[in-house]
Amino acid sequence: MERKARAAGMQLSRSTANRIAERKQVPGTVACLTAFLVGCGLPERRHSLWVEAWMRAQQQADSIRLASKREVEDLQALVADSSDGEVSQGTAMRLLRKADLEAQEPYRGFNRPWTVACLQCTATFRVKLSDVLMGQVTCADCPRVNDRVREAWEDLLANRSGELSRRKLRALRAATVLRTRLQRNQLDISLFVGDHETATTLQSPTWHSVLEAALRRRLRRIFTLDVLLVYGYTTRQEIPSHQPPSAPTGTTHARSDSHGRRSTAEHRVRQAVPKQEPLDAHAPSQTSDEGKAWGSSRPAAPTNSGI
């Protein structure tokens, strides 16, 4: 295409031709469009149809840009809190935090690029405050965290290193990975376990180093690992109606960072109390208040179906 355009006395680089052909770029000028059509071998008599279509598309794009500019101006006037009609630094920071983002540089303007970090996964990218308020900003890295944790969990269950005992591996395979949360440098992984034996086996943090090693190969940032076990009853108990069921517990264990430095062991107890009655293997699934707080629901039978 580049050679054909040059032979006709036109300029068309191969990179430009490639971007237009892959729909990553629209010809910026009539000259560029014409050179591309020549490169495609389109007869000259048909060029006018394409030029007319291109001009209509440009007019529509200009109209959209103008409407978008007016929308941004109206939105800025609505949230402005200073005498000059601008959004102050403090207000901009608060609006950013509501979107689970944190500024990494001073605020420069309502419709100017701003470097921010996602509070969920710490990814850094550029946004405009106007786009944030219009709901046009999402973090592209957040879904990847769960994907990478799932991949690390599959490595853990494969036990290629042979570091896990049969009992520990059997307990891990009976557990289910729930929602993962990476906020700043804190990675919280919640596991649902369906019986006390499995929970007791996994309370020991000896297997954390194997999971941590698998995570380090996928999460290219420093993080502190915190594992929370969430579990319920597996056998029915006769409990008087006036007496609430005793609370099963989930326990987090030793934390470590992604470089293998082990910190002081920490134990926290979180209660996961069923709303009505204990669970057994055949009882309908219940969701505890704690499960809601962690964004997880309790499955009827634990599996390793994923996150």
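The following questions and answers set computed values for this predicted model against the definitions behind them.

Residues are numbered from 1 along each chain as its sequence is written. In this predicted model, local features need pLDDT of at least 70, side-chain atom pairs count only at pLDDT 80 or more, and totals for chains, interfaces and linings use all residues, while side-chain values use heavy atoms, with hydrogens and water left out.

Q: What makes a stretch of the protein chain count as one of its helices or strands?
A: Helices are DSSP runs of H or I with at least four residues, strands are runs of E with at least two, and both are numbered from the N terminus. The secondary structure of the protein chain comes to eleven helices and nine strands.

Q: Why are strands β2 and β3 said to pair?
A: Two strands pair if DSSP finds at least two bridges between them. Four bridges join β2 (residues 114–118) to β3 (residues 124–127), so the two strands pair. They run antiparallel, and Val116 stands opposite Phe125 in β3. Five residues lie between the strands of this hairpin, in which Thr122 takes a positive phi near 70°.

Q: Why is Thr201 called buried?
A: Buried means under 20% relative accessible area, exposed means over 50%, and partly exposed lies in between (1.4 Å probe, protein chains only). Thr201 has a relative accessible area of 7% and is therefore buried. Its place is in helix α9 (residues 196–203). Contact means heavy atoms within 4.5 Å; not counting residues up to four places away in sequence, Thr201 touches Arg167, Lys168 and Ala171. Over the protein chain, buried residues make up 39% of the 307 residues.

Q: Why is Trp50 classed as partly exposed?
A: The relative accessibility of Trp50 is 45%, so this residue counts as partly exposed. Trp50 has its place in helix α4 (residues 47–79). Leaving aside neighbours within four places in sequence, Trp50 is in contact with Leu33, Leu37 and Leu42. The C-alpha atoms of Trp50 and Val30 are separated by 9.7 Å, with the two residues 20 apart along the chain.

Q: How do you know that Glu22 and Lys24 form a salt bridge?
A: A salt bridge is a side-chain nitrogen of Lys or Arg within 4 Å of a carboxyl oxygen of Asp or Glu. The closest N and O atoms of Glu22 and Lys24 are 3.2 Å apart, so the pair qualifies. Glu22 counts as partly exposed because its relative accessibility is 43%, whereas Lys24, at 62%, counts as exposed. The structure holds 13 salt bridges.

Q: What makes the salt bridge of Glu151 with Arg218 a tie between parts of the chain?
A: The closest N and O atoms of this pair are 3.2 Å apart.
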